[in-house]
Amino acid sequence: MAPSDQYSQDLFAKDDPFVKGAEKTRVKVLLPLPLAGTYDYGVPDGMDLTPGDFVKVPLGPRKLIGVVWGYAEESDVAASKLKDIDSVLHIGRLPEANRKFVDWMAAYCLAAPGAVLRMAMSVPAVFEPQKPKYLLTAKEGEISIKMTAARQRVLNVVREFPPMSSADIAREAGVSASVVKGLMAADALDAIMIPVGGLWPEPHPDSTGFKLSEAQKNAADHICEEVKKHKFAVSLLDGVTGSGKTEVYFEAIAETLRQNKQVLILLPEIALSAQWLSRFEARFGVRPGEWHSDVGGSKKRDCWQAIAAGRLKVVVGARSALHLPFADLGLIIVDEEHEASFKQEDGVIYHARDMAIVRGQITNCPVVLASATPSMETTINVSQGRFDHLVLPERHGQAVLPEVTLIDLLKDKPGRQQWISPPLADAVKETLDKGEQVLLFLNRRGYAPLTLCNTCGHRLQCPNCTAWLVEHRFSNRLECHHCGYQAPMPTECPECNDQHSFRACGPGVERLAEEVSNLLPDARVEVVTSDTLYGPVAASAFVDRVTSHETNVIIGTQIVAKGYHFPDLTLVGVIDADLGLSGGDLRASERCFQLLHQVAGRAGRSDRPGRVMIQTSNVKEPVMAALANGDRDGFMAAEAEQREAAEMPPYGRLAALIISGPDPDMVNAVSKRLAQSAPFGEGIIVLGPTPAPLAVLRGKHRRRMLLKVSKNISVQKLLKPWLNAQKIPSSVRVQVDIDPYSFF
Ligand code: ADP
Ligand code: ZN
């Protein structure tokens, strides 16, 4: 359920931190620790504090940095026990919108506010003292110094170039650093201080975009109007892959820049691709600020500070960018809004798309969700009139949507120990003969999902998890895809000691690559998974290899399903379309549709028409028929009907509890007590506890409970007293997952 229909809930009315008229001699400080609430501190004489200030405070023997959250009441802590604030950091404030957002998120996710604040303070470098940085430039007027040839070269350089760092000047002039230093000391150069956060050239809103089609223009105009109003509104930008959604929201970014406001674009982690960044740069003349796990600490510090100062206008990032301290945020875009990776599954569990909407609401700015396969939550919000619906019905220019056919694996059987059916094999060959490219999609890393001993039947299992170990033949290792455990591939069976008795069961991408190479020895095959595409540099090298045809068969997992635009890729083959349907997850069909539609969208994106072949043993499944007929709306309507009948999200609310710990007996005991005290009543169903499908993960035993309630009941209001009434031993962890997306 998108929280947009939940704002009306009074989630944090009681502890509104801003107590009006209270004494200002003590304040509440929130620390970035998983603590339940704020701590009170005294304000030393002469210290002037405002909510949002970053302050250093004593906590036990430590000094920590926290945020002034509000003024405190006299009665909360005895004056004699109150410790004083140590100092104020002069690095700007955490804006009110961010503080409200932290409180809202903590209340919605049932997380400690400090744990949420920690996400907003994730870069320690921001809070460390910084040396001021300077650029040097020529001094106006006459200078009287002893002139040397080296000094003259430096002066020539500074007169000719814009202000530069002393290191750059020395390099440009071909002199040692001491020459520049000497000139500084002789007062022959002017120093310009660089503001904290560094210099970020402004993007140019008015450099040329494309001439938009009518549908594109209508959509762009609508969002631009919203941007000008400076008001909260959510629009779904709904268009098939390649219809120009990115071009449309680029127009909205341009309008926001003209309004002199800031823009946040959330992309699913894997889509933070080189291709997207270079398109942005081509349109706006500069690179945006980037905020994701591959960006280093000092870059992040600069980004954080320039955003706080309002000097960095556009940031593209992953989930955690929602917590950046924007000075004047005017637009939020969530691209590929249906992506499951927007759900953060550890620490504070939250859905970044839903939280982006909340952020827009609190900030009072428009939010744009873009997708070719919108999520059920968003689809329902559109149909109920909460979100605007902007449709781009066709691909841009000559490109047409690929033709999709189903291959019935029960009829067109691949050979023994093979996974490519004869019709798909023929199509691959045809495509390569025409000089075009192929993508074979299989969502399984490694060589084979299961390895067993031919002699005794022993299966290789992870020592820390209820999971098989996956053989990775490229690296000759075994790997657990849940905890990351790795071991060399053994030569003998640990059970019966037989030598070289292992047999691979089922296909992974590496095994598929082997099959293609046997089938077509001339094919230039490349396997692409998170193992090979681990960062932006690797990703752009991959793009280059495909663009130059150094690679003509891509064999990949979901990492290649999205975002990439390869004009000569005309055939997509889905090896096992049924993979995503197993497991009984409530969103399995929806996700299967989204993923395969997305993969299919890689075919025929330019003037050569594309085709998609989907191998399945379930040709009668509605999701397969919908893929073949391109009937997204019919499929979603049927799905919605089923969800409504079962009161499943978004027609009902779910919250999951995951109870885990090293000792199974303690975990069971806590689970049992939770079950005994579970809330009950009309419209409330509590399921479990049951062992989680991954009953052991990273050595922790896991039980799950599921709370399912009618739409008009607040899960937070049920969960809070229920969980608070339990004394939970420190070795057992109870995680709350509101609106769960994964059920393992
Ligand atoms: P989407 O985001 O919907 O997948 P894109 O914005 O990536 O679509 O557009 C697909 C391709 O078509 C891109 O190469 C884009 O530059 C091009 N394109 C889209 N709209 C136009 C237009 N109006 N004029 C020229 N090229 C366009
Ligand atoms: Zn494991």
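Reader: Which backbone atom sits 2.9 Å from an oxygen of ligand 1?
Author: That's a polar backbone atom of Gly 244, 2.9 Å from an oxygen atom of ligand 1. Keep in mind that this is a predicted model.

Reader: OK. And what does the backbone of Ser 243 do there?
Author: A backbone N or O atom of Ser 243 lies 3.2 Å from an oxygen atom of ligand 1. On the nitrogen side, a polar backbone atom of Lys 211 is 2.8 Å from a nitrogen atom of the ligand.

Reader: How much of ligand 1 does the protein cover?
Author: The protein covers 83% of the 560 Å² of accessible area that the ligand has on its own.

Reader: Which helix gives the most to the shell around it?
Author: Helix α7, residues 245-258, with three residues. The shell divides into three nonpolar, seven polar and five charged residues.

Reader: Switching to the zinc. What are the protein donors of ligand 2?
Author: The SG atoms of Cys 462, Cys 465, Cys 480 and Cys 483, lying 2.2 to 2.4 Å from the zinc ion. The site is tetrahedral, with angles of 105 to 116 degrees among the four donor atoms.

Reader: How are those donor residues spaced in sequence?
Author: As C-x2-C-x14-C-x2-C. Cys 462 is in the loop between β19 and β20, and Cys 483 in the loop between β21 and β22, so the pair ties together parts that are 21 residues apart in sequence.

Reader: Is Cys 462 buried or exposed?
Author: Buried, because its relative accessibility is 4%, under the 20% cut-off. Cys 483 is partly exposed, at 23%.

Notes. Residues are numbered from 1 along each chain as its sequence is written. Chains are lettered from A and ligands numbered from 1 in the order in which they are written. This is a predicted model: local features need pLDDT of at least 70, side-chain atom pairs count only at pLDDT 80 or more; totals for chains, interfaces and linings use all residues. Side-chain values use heavy atoms; hydrogens and water are left out. Donors are N, O and S atoms within 2.8 Å of the metal (3.2 Å for Na, K and Ca); water is not among the atoms, so sites may look incomplete. Four donors count as tetrahedral if all angles lie between 85 and 135 degrees; four count as square planar and six as octahedral if opposite donors are over 155 degrees apart and all others between 65 and 115; anything else is irregular. Helices (H or I, at least four residues) and strands (E, at least two) are DSSP runs, numbered from the N terminus. Buried means under 20% relative accessible area, exposed over 50%, partly exposed in between (1.4 Å probe, protein chains only). A polar contact is a pair of N or O atoms within 3.5 Å; within protein, one must be able to donate a hydrogen and the other to accept it, and residues adjacent in sequence count only if both atoms are side-chain atoms. Accessible areas come from the Shrake-Rupley method with a 1.4 Å probe; for residues, only the protein chains shown count as cover. Ala, Val, Leu, Ile, Met, Phe, Trp, Tyr, Cys and Pro count as nonpolar, Asp, Glu, Lys and Arg as charged, and the others, Gly among them, as polar.
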